[in-house]
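I opened the notebook to record what I looked up. I went through strands and helices, then charged pairs.

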Amino acid sequence: MVSIIDLGALKIKELEKEIQKYWEKKDVPGRWRSWSEDRPVFAFLEGPPTANGFPHIGHIRGRIYKDFVLKYYRLKGYNVWAQAGWDEQGLPVEVEVEKKLGVKRKKEISEKIGLEKFVEECYNLVNYYLEFWEDYATKRIALWLDLRNAYETRKARYLEHVWYLIKKTWEDGLLYEGYRVLPFCPRCETALSDAEVDQGYEEKTSPSIYVKFKVEGSPNKYLVIWTTTPWTLIDNEAVAVHPQGNYCEVSVNGELWIIAENLINDVLNRAGLKNWNVVKRFEGSVLEGVKYEHPLLDEVPVHKEHTNAHKVIVADFVSLEEGTGLVHIAPGHGPEDFEVGLKYNLPITSNVEINGVFNSNSGVFSGLDVDTASNKVITILKNKGLLIHAGTIRHSYPHCWRCHTPLIYRADKQWFLKVESLRNELLKALETVKIYPEKLRARFENWLANIRDWTISRSRIWGTPLPVWKCIDDPEKVIVIGSIEELKKRAVKLPSVSDDYLVHRPWIDKVELRSDGCSGWVREPYVVDVWIDSGIAWLAGVDGIRNKELFRKLYPYNFVTEGIDQTRGWFYSLLVTSVLLMKSAPYKEILMQGLVLDKYGRKMTKHLGNVVWAKDLLNKFGADPVRLYILTKYPPGDPFSFDEDEVKESLSKLNIIWNIFRFAATYMRIDKFDPKVHVLSSLIDKTKVEDRWILSRVNTVIKKFDEYMRKYELHKASREIINFFIEDLSHGYLRLVRPRVWREEDDDKYVVYAVLYYVLRKSSKALSLIVPHFSEALWLKFLKVLEPDIEESVHLSKWEEAQEEFINIELEEVFATVFSISSSIASLRNSIGIKLRWPISEVIVVVRDESKANSLKEVIDTIAFLGNAKNVVITTDERRCVDEKYVTEDSQDYMVCIPRRLSRNLYLEALAREIIRRVQVMRNKMNLNIEEYIVVGIETSDSDLIEAVGKFKSYIAGEVRAKGIINKVQSDMYTADWNIEGKKVTLGIRRSN
């Protein structure tokens with residue numbers, strides 16, 4: 001590969017393509033993943049992206065974090081386990097396929113499309129999106145996961161690990177079938193787990209109605225309730241009050257309304273009533289057992305058959321802060337209602353089907369969906385005179401996390417894992433795990449402290465079939481299958497398909513089982529919660545049941561990272577499945593990532609049109625500028641407000657770093673520097689103070705980098721190395737050593753080169769974690785050119801630890817003060833209009849601490865150089881600056897003073913420097929090499945410029961590499977007219993013979 005360091009401006013996208021081709025040709029990613037027996041293992045577990053859509057900036061951010069950590073540990077000498085993984089089943093994929101096929105309701109899949117075709121479409125959709133994930137979300141960002149051996153949740157060898165888990169929980173008494181109120185998505189027609197519900201809260205406008213329930217046996221007494229789900233009144237079975245709450249009978253227009261005392265004003269104000277009075281006060285417990293007439297008794301005749309219903313019960317969960325203090329109870333539609341219904345032995349009425357439509361037991365509401373039924377309930381109540389007030393309320397309500405349909409709650413039979421009984425074991429296992437940032441640990445612990453048994457059954461198609469079969473003769477007889485081998489042994493008839501299809505619907509339901517004591521078996525018509533698919537990745541990803549040796553090397557995994565929302569998703573499902581099978585956590589460290597928002601702090605959604613797609617972003621900027629921006633902008637655990645305009649700043653930073661290497665490459669080539677000959681250790685005694693400072697800085701930076709990485713403070717580690725290149729190297733060291741490498745005959749330049757080469761080689765390895773393409777180019781086109789026997793890739797090299805013998809914190813502090821003083825000088829110059837190029841006669845630095853003053857005296861020449869001053873005075877005497885001829889800037893530790901005016905001689909020297917700058921610009925435009933000599937012609941009628949050229953001719957010639965300066969611009973010269981401080985001059989240059 002030919003060096004392009006000296007070819008001009010950085011073209012990052014072209015460079016990335018070139019480096020990608022090099023990696024492919026040399027199989028660098030494959031060699032990077034290869035293992036050596038003498039290295040320890042760093043095991044990473046990939047949180048599998050769901051292959052149902054295109055990757056966006058949120059995905060890219062997390063995957064860049066993953067790569068950063070993996071490349072760091074590979075440089076540190078570890079064997080890294082970097083297996084890719086894809087989450088390919090479940091509701092997310094089904095929803096996308098349904099959209100593609102125009103499916104509105106689940107029945108259409110079986111009636112119009114057929115399960116075989118639907119599943120085939122799921123396969124095809126996954127394959128389609130995987131191409132984008134492998135390219136834009138993996139290869140293009142230099143994330144070197146093993147794609148060839150990626151685990152796939154749809155594959156039979158992966159899927160049967162889920163079966164293994166389910167069979168084991170059945171044998172341990174932790175799997176059961178139960179009847180409970182659960183959240184359902186009526187559009188997807190399936191139950192959801194608590195963790196899934198927690199991910200889907202959105203704002204929703206709901207009805208808000210106040211209703212009278214007539215007390216049985218009383219002509220004018222009513223219980224007043226409030227609800228935001230009028231459709232649940234159709235299945236109402238009781239009214240609950242707080243046993244210790246204060247309640248009143250309120251006289252309203254000849255009726256007695258029972259309401260909680262502190263909510264009376266609110267309720268009656270909403271009803272628009274002004275004339276009322278309290279006639280009786282009592283505790284809620286007094287109401288227990290009071291019977292009422294169901295408000296929809298005639299419309300829903302089934303309620304006439306219910307006994308032990310339509311009465312007042314007491315419950316501590318009743319709120320006295322909102323509504324009426326009386327809560328209508330529908331045991332078939334609320335978890336708390338269900339529990340209190342069991343306590344009071346109420347009928348558990350659930351007449352809403354899985355699709356959100358009322359069944360034939362619902363009287364006049366049969367065939368209506370819940371929203372239509374709510375509207376009809378309100379109309380009927382109004383006509384009956386039972387509606388006190390009807391309004392709306394805007395509130396946070398659970399929606400389906402995939403299709404965004406509002407959920408309904410309904411009682412149904414489902415299959416559960418007994419995780420509530422594991423609460424203490426889960427919390428104990430989590431204690432062994434380090435969580436970064438630590439402040440987010442409580443979020444995980446609080447979730448575990450309040451977990452309920454896990455609903456694992458889903459009424460869907462594309463997923464892991466629940467491996468539970470019931471005997472058609474006796475449903476109490478159950479078989480749970482734990483592997484494909486077991487399935488085939490028990491089967492008397494199998495469909496003629498591959499294992500990957502056999503373990504999916506509809507083929508799994510065509511398997512016929514036989515056994516003694518049962519004439520036939522029917523599989524439970526469910527698939528398994530997709531979170532168990534990804535949650536078993538710690539075992540299934542490496543085929544752990546069969547590949548036990550590899551599994552032992554990896555488990556528990558060193559590192560996992562995903563978004564903070566995965567506290568209740570993937571992190572949780574991993575922990576549960578691992579505790580179920582291994583009694584321990586499957587990971588040692590978790591890095592939680594904050595959510596990615598747009599630049600206005602809004603959640604990115606297709607609806608708002610503010611999603612930033614990975615393909616568009618990478619095609620526009622290239623990968624490395626995006627990586628640099630993401631890694632340095634925010635702490636990983638914080639929300640990330642992504643602003644595309646700020647990515648451009650990354651390009652300017654890369655250009656600065658690029659120019660550092662161009663500088664080094666140019667001068668080292670000219671002077672034939674050889675790192676094998678000009679060895680730092682042999683030149684260390686000849687180093688100057690700025691050399692010792694930069695040697696200290698690079699080692700301090702590497703040391704801090706390691707410290708930040710131990711806490712996964714990726715932003716601090718990244719900022720540390722980028723700031724080192726820009727502030728310490730570009731703005732600091734190179735500025736100081738340029739005159740040393742410019743000198744013709746001086747071996748001191750080799751000291752600079754040896755120091756600079758050491759610094760660049762060491763720091764480029766840390767830089768490679770941030771910008772892997774860019775750093776690889778620097779490695780190949782600079783370091784490997786000078787040192788051909790080093791590794792073929794920076795990513796195959798070894799981390800260079802900090803060398804303590806070079807670290808001098810006191811010297812670094814002194815230089816920090818030097819650069820701060822330099823900034824003060826620049827500020828003072830700006831205030832009086834004296835350019836930095838113009839020399840000044842003196843700088844006085846008044847230091848309040850005598851020891852600091854003595855330290856600064858050792859670098860007085862450096863201050864003079866940076867301040868472009870002929871003389872620098874370091875003193876503790878503040879009286880030195882008490883003179884009107886000085887301008888002064890004061891800080892906490894020092895005071896800086898410079899003269900207000902230039903002397904005549906300094907003014908002429910300043911003009912000479914202005915001419916030098918123009919000639920250098922012209923050299924660049926002629927694309928002259930640094931070592932090429934020129935002849936300069938100068939024509940001007942200005943006496944000051946003539947005097948300046950005459951006085952400083954030798955100085956000008958030395959700075960611009962001129963063998964001669966003449967007072968005429970000749971015809972064969974490249975010429976340009978310039979205006980210097982209002983003075984006109986024509987300059988001409990040509991190559992010298």
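I began with terms: contact means heavy atoms within 4.5 Å. Helices (H or I, at least four residues) and strands (E, at least two) are DSSP runs, numbered from the N terminus. Axes are lines fitted to C-alpha atoms, for helices over the stretch in contact, and angles run from 0 to 180 degrees between N-to-C directions.

I noted that this is a predicted model, where local features need pLDDT of at least 70, side-chain atom pairs count only at pLDDT 80 or more, and totals for chains, interfaces and linings use all residues. Residues are numbered from 1 along each chain as its sequence is written, and side-chain values use heavy atoms, with hydrogens and water left out.

**Entry: a helix on a sheet**

I looked up helix α28 (residues 809-832). Helix α28 lies across β30 (843-847), β32 and β33. It runs at about 40° to β33.

Next I traced the sheet. Two strands pair if DSSP finds at least two bridges between them. In what order do the four strands lie? I read β31-β30-β33-β32, an open sheet with mixed pairing. At the edges are β31 (872-875) and β32 (886-890), each pairing on one side only. Neighbouring strands of this sheet are turned by 15° against each other on average, direction ignored.

I then followed β32 to β33 (residues 894-899). The two pair in the antiparallel sense over five bridges. Tyr886 has Pro899 in β33 as its bridge partner.

**Entry: buried strands**

I needed a cut-off here: buried means under 20% relative accessible area, exposed over 50%, partly exposed in between (1.4 Å probe, protein chains only). In a regular strand the side chains alternate between the two faces of the sheet.

I checked β3 (residues 83-86), which is covered on both faces. Gln83 and Gly85 are buried on one side, Ala84 and Trp86 on the other. Strand β3 pairs with β4 (residues 146-152) in the parallel sense, over three bridges. Opposite Gln83 I found Asp146 in β4.

Why is strand β34 (residues 934-939) called largely enclosed by the rest of the structure? Five of its six residues are buried. I found two partners for β34. Strand β35 (residues 962-966) runs parallel to β34, joined by four bridges, and Val936 stands opposite Ile965 there. Strand β37 (residues 983-991) pairs with β34 in the antiparallel sense over six bridges. Ile934 stands opposite Arg991 in β37.

**Entry: salt bridges**

I searched the whole structure and got 82 salt bridges. A salt bridge is a side-chain nitrogen of Lys or Arg within 4 Å of a carboxyl oxygen of Asp or Glu.

I picked Asp543 and Arg157, whose side chains meet at 2.7 Å, N to O. Asp543 lies in the loop between α17 (537-540) and α18 (548-554) and Arg157 in helix α7 (residues 156-171), so the pair ties together parts that are 386 residues apart in sequence. Asp543 is buried, at 15% relative accessible area.

Then I took Glu914 and Arg918, with closest N and O atoms 2.3 Å apart in their salt bridge. They are four residues apart in helix α31 (residues 904-925), so about one helical turn separates them. Are they buried or exposed? Glu914 is buried at 0%, and Arg918 is buried at 7%.

Asp172 and Lys168 also form a salt bridge, at 2.9 Å between the closest N and O atoms. Asp172 is partly exposed at 38%, and Lys168 is partly exposed at 27%.
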